[in-house]
Amino acid sequence: MNDTVLTLAERQNIESGPWFSKLSPALQQAIFARAVVRRLRDGVQLGSRGQPAEMWCGVASGAVRISSVSLSGKQITMSYMEPGTWFGDISLFDGLPHTHDANAHGDTTLLCVRKPDFKELLDQFPELPLALLRLNCRRLRLMFDLIEDLNTKPLAARLAKQVLLLAKSYGIAQGEEIRIGLQLAQEDLAQLLGASRQRVNQELKGFEREGAVRIEPTRLVVLSREKLMAIAER
């Protein structure tokens with residue numbers, strides 16, 4: 001395989017992404033023409049907090065973990081960027097350093113546009129700034145939802161909602177079951193939810209007793225989306 005070219009599946013992930021797919025064909029082709037492919041092994045760092053931003057990236061396969069370290073030295077995971085998701089534009093817009101660390105989670109392929117090419121695209125395609133504005137509005141709404149959930153919902157409801165989101169983004173249907181393809185330890189889930197691994201473990205065991213999920217080493221299998229949705233609404 002040519003490592004500098006996306007596979008058909010990777011290109012499909014980019015083209016079918018909810019944001020990229022709404023761009024004009026001309027802009028899509030211009031992005032592909034200026035982008036370079038980067039293939040990263042698990043754990044490779046793309047950028048760190050405080051560093052200047054150099055690239056705008058779309059995830060073609062795998063995942064990118066966005067995280068930071070608290071004052072006490074605790075690792076805090078903010079989110080996982082899934083295939084079809086673009087990131088890195090905020091720092092390129094305002095010229096300020098990265099606000100978080102970004103690392104490959106599993107083997108990951110990115111489509112990256114260098115800073116000078118990103119600025120050229122902004123100048124040549126007036127639709128791109130507006131499209132990025134809509135993208136950041138969506139991010140802001142999701143952040144508000146997250147803050148609301150954190151302050152109003154119990155851990156079980158927030159965990160059930162997170163598992164449903166992971167199943168939507170990384171789910172692999174196997175009959176009536178949905179296996180979450182993203183490899184996550186319970187500590188990873190705990191970081192996403194701002195909870196302890198022990199609490200998350202207790203809640204997942206409760207989900208398992210209710211027949212909503214099956215717990216496997218570094219994997220979760222959704223047995224009933226309906227039961228998870230019911231838990232998420234409690």
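What volume does the second largest pocket have? I looked this up in a predicted model and found about 160 Å³.

**Pocket lining.** I listed the residues around the second largest pocket: Lys153, Lys161, Leu164, Leu165, Lys168, Arg225, Met229, Ala232 and Glu233. Sorted by class, this lining has five charged residues, four nonpolar ones and no polar ones. I then checked which helices take part. Helices α6 (155-170) and α9 (225-232) each supply at least two lining residues. With four residues, α6 gives the most to the lining.

**Helix α4.** Next I went through α4, residues 115-124, and noted Phe118, Leu121 and Leu122 as buried. These three lie on the same side of α4, because the arc they cover around the axis is only 100 degrees. On the face turned away from that buried side I found Pro116 and Asp123, which are exposed. I also looked up what the buried residues of α4 pack against: the helices α2 (25-34), α3 (89-94) and α5 (127-152), and the strands β3 (55-61) and β8 (108-114).

**Sheet.** Strands β3 and β8 also belong to an open sheet of four strands, and I read its order as β1-β8-β3-β6, with antiparallel pairing. The edges are β1 (36-40) and β6 (86-87); each has a single partner strand, so one side of each is left without a neighbour in the sheet. I followed the pairing of β6 with β3: the two run antiparallel and are joined by two bridges. Which residue of β6 is the bridge partner of Gly58? I noted Trp86.

Definitions and conventions: Residues are numbered from 1 along each chain as its sequence is written. This is a predicted model: local features need pLDDT of at least 70, side-chain atom pairs count only at pLDDT 80 or more; totals for chains, interfaces and linings use all residues. Side-chain values use heavy atoms; hydrogens and water are left out. On a 1 Å grid over the protein atoms alone, a cavity is a set of points where a 1.4 Å probe fits but cannot get out, and a pocket is an open set with protein on both sides within 12 Å along at least five of seven lines; lining residues have an atom within 4 Å of a point. Grid points are joined across faces, edges and corners, and a volume is the space filled by probe spheres set on the points. Ala, Val, Leu, Ile, Met, Phe, Trp, Tyr, Cys and Pro count as nonpolar, Asp, Glu, Lys and Arg as charged, and the others, Gly among them, as polar. Buried means under 20% relative accessible area, exposed over 50%, partly exposed in between (1.4 Å probe, protein chains only). The arc is that of the directions from the helix axis to the C-beta atoms. Contact means heavy atoms within 4.5 Å. Two strands pair if DSSP finds at least two bridges between them.
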